[in-house]
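This briefing covers the surroundings of a ligand and then the overall fold of the chain. Please read it with the coordinates at hand.

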Amino acid sequence: MKKANNIFLIGFMGCGKSSVAKKLQEMHQMKVVEMDEEIELQEGRSISDIFCQSGETYFRDAESTLLKSLQDVQGRVISCGGGVVLREENIRIMKSCGSVVWLTASAKTILERVHSDESRPILQGRKTIADIQTLMEERYPYYEAAADLSVSTEHKTVAQIAEEIFQQLEKVGN
Ligand code: S3P
């Protein structure tokens with residue numbers, strides 16, 4: 001692994017970042033930073049309330065501020081919010097202090113995972129395969145620009161995904 005030995009997990013909502021982060025913690029004793037949880041703690045309110053009461057730009061600012069504060073950490077798995085890639089400065093920070101791993105899944109799989117979850121404001125009223133497909137296509141270039149490598153999460157256990165991440169990072173010398 002390169003630079004500060006951090007792994008940034010990026011990808012669309014419901015792609016499995018949090019579960020994979022927990023598995024990496026278990027398998028490789030890496031500490032985890034859950035960005036959304038950190039922001040909720042700092043703000044004392046849920047992500048939904050932040051979006052609803054203060055707006056998306058406020059949330060994105062909080063996300064960028066948190067990411068900046070992580071620039072000096074070492075050996076962490078950072079499970080990022082799905083929209084962290086939308087700001088170029090965030091991509092620059094992630095690339096400067098770790099390996100950026102993009103977890104992918106199909107729109108069908110994402111929908112199965114998020115359909116009964118009301119905690120994601122971006123998906124409110126947009127829970128069809130077509131809606132998710134459209135959002136994923138909009139996000140695709142951002143994930144592609146940020147990622148050092150990508151790992152599909154389809155038909156794999158969380159342990160298999162975590163193992164694959166390590167194997168791929170070793171292969172690319174990150
Ligand atoms: C968002 C993804 C969410 C959370 C917020 C916005 C997005 O995180 O940060 O609701 O814009 O994709 P998860 O990807 O962990 O669901």
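A polar contact is taken here as a pair of N or O atoms within 3.5 Å. On that basis, a polar side-chain atom of Asp36 lies 2.7 Å from an oxygen atom of the ligand. The model is predicted, so that local features need pLDDT of at least 70 and side-chain atom pairs count only at pLDDT 80 or more, while totals for chains, interfaces and linings use all residues. Residues are numbered from 1 along each chain as its sequence is written, and side-chain values use heavy atoms, with hydrogens and water left out.

**Ligand surroundings**
- Around the ligand there are 13 residues (each with a heavy atom within 4 Å of it), and the closest are Lys17, Asp36, Arg60, Arg120 and Arg139.
- An oxygen atom of the ligand lies 2.7 Å from a polar side-chain atom of Arg60, and for a polar side-chain atom of Arg139 the distance to a ligand oxygen atom is 2.8 Å.
- Of the 380 Å² of accessible area that the ligand has on its own, the protein covers 95% (Shrake-Rupley method, 1.4 Å probe).

**Fold of the chain**
- The chain contains eight helices and five strands, counted as DSSP runs (H or I of at least four residues for helices, E of at least two for strands).
- With a radius of gyration of 15 Å over C-alpha atoms, close to the 16 Å from the globule rule (2.2 Å times the number of residues to the power 0.38) for 174 residues, the chain is as compact as a globular protein of that length.

Conventions: A polar contact is a pair of N or O atoms within 3.5 Å; within protein, one must be able to donate a hydrogen and the other to accept it, and residues adjacent in sequence count only if both atoms are side-chain atoms.
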